[in-house]
Amino acid sequence: MKSEKVIGLLMAVVLLCGCASKRQVTLRPTWQTAQATNCTATLAMDSMSYTVGCSMQVVRDSLIIISIRPMMPLEIARLEITPQEAVAIDKVNHQYTKVQLTKTTPIVPKIRWNDLQTFASGENAQKGDQVTLTYSYKGHPIRLNLTYGDLLYDGIENIKRLNVEKYKYIATFF
């Protein structure tokens with residue numbers, strides 16, 4: 001049951017990221033890869049609150065990896081998002097789930113790839129900037145606060161998806 005909550009919270013992060021509002025700021029020059037490291041994320045739902053360290057890697061228009069690391073360098077969970085689907089991997093319990101982004105529309109009507117990409121890449125942000133995303137699901141308020149750490153553009157190589165064959169697939173409520 002606990003692993004289902006972890007995966008459910010990871011999927012909530014995807015949903016919240018897709019609902020981000022746009023800010024008017026000067027755009028950075030075009031980048032192909034981006035990395036946001038040493039970030040701190042707090043996910044709050046009702047009276048529960050979880051604060052973890054995380055890092056995000058992005059390959060423009062193709063892949064976003066959000067790595068949950070409560071203690072560096074130990075990765076306990078990962079989100080891998082493409083324009084078509086999101087995969088949440090619980091590395092502690094060796095489980096994963098996936099959802100087609102187009103199938104989330106009954107829950108969150110406007111998940112936009114560009115919003116996810118901007119959020120994960122830290123585009124238009126600087127070290128120390130905070131972003132707060134809020135959403136209500138079935139009357140339960142969900143809030144994600146993210147403080148950006150170090151941001152690096154076009155400096156990362158070999159961003160790879162995790163092979164989920166060694167993990168057990170579990171169905172979610174999506």
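Two strands are taken to pair if DSSP finds at least two bridges between them; strands (E, at least two residues) and helices (H or I, at least four residues) are DSSP runs, numbered from the N terminus. The model is predicted: local features need pLDDT of at least 70, side-chain atom pairs count only at pLDDT 80 or more, and totals for chains, interfaces and linings use all residues. Residues are numbered from 1 along each chain as its sequence is written, and side-chain values use heavy atoms, with hydrogens and water left out.

**View A. Strand β1 pairs with strand β8 in the antiparallel sense.** Six bridges join β1 to β8 (residues 140–147). Within this pairing, Leu146 of β8 stands opposite Ala41.

**View B. Strands β1 and β2 form a hairpin.** β1 (residues 33–45) and β2 (residues 48–59) run antiparallel and are joined by eleven bridges. Thr40 has Gly53 of β2 as its bridge partner. Two residues lie between the strands, and Asp46 in the turn has a positive phi of about 50 degrees.

**View C. Strand β9 also pairs with β1.** The pairing of β9 (residues 150–153) with β1 is antiparallel and extends over four bridges. Leu151 in β9 is the bridge partner of Ala36.

**View D. Helix α2 is mostly covered.** Seven of the nine residues in α2 (residues 113–121) are buried, that is, under 20% relative accessible area (1.4 Å probe, protein chains only), with exposed meaning over 50% and partly exposed in between. The buried residues are Trp113, Asp115, Leu116, Gln117, Phe119, Ala120 and Ser121. Gly122 follows α2 and has a positive phi, near 75 degrees.
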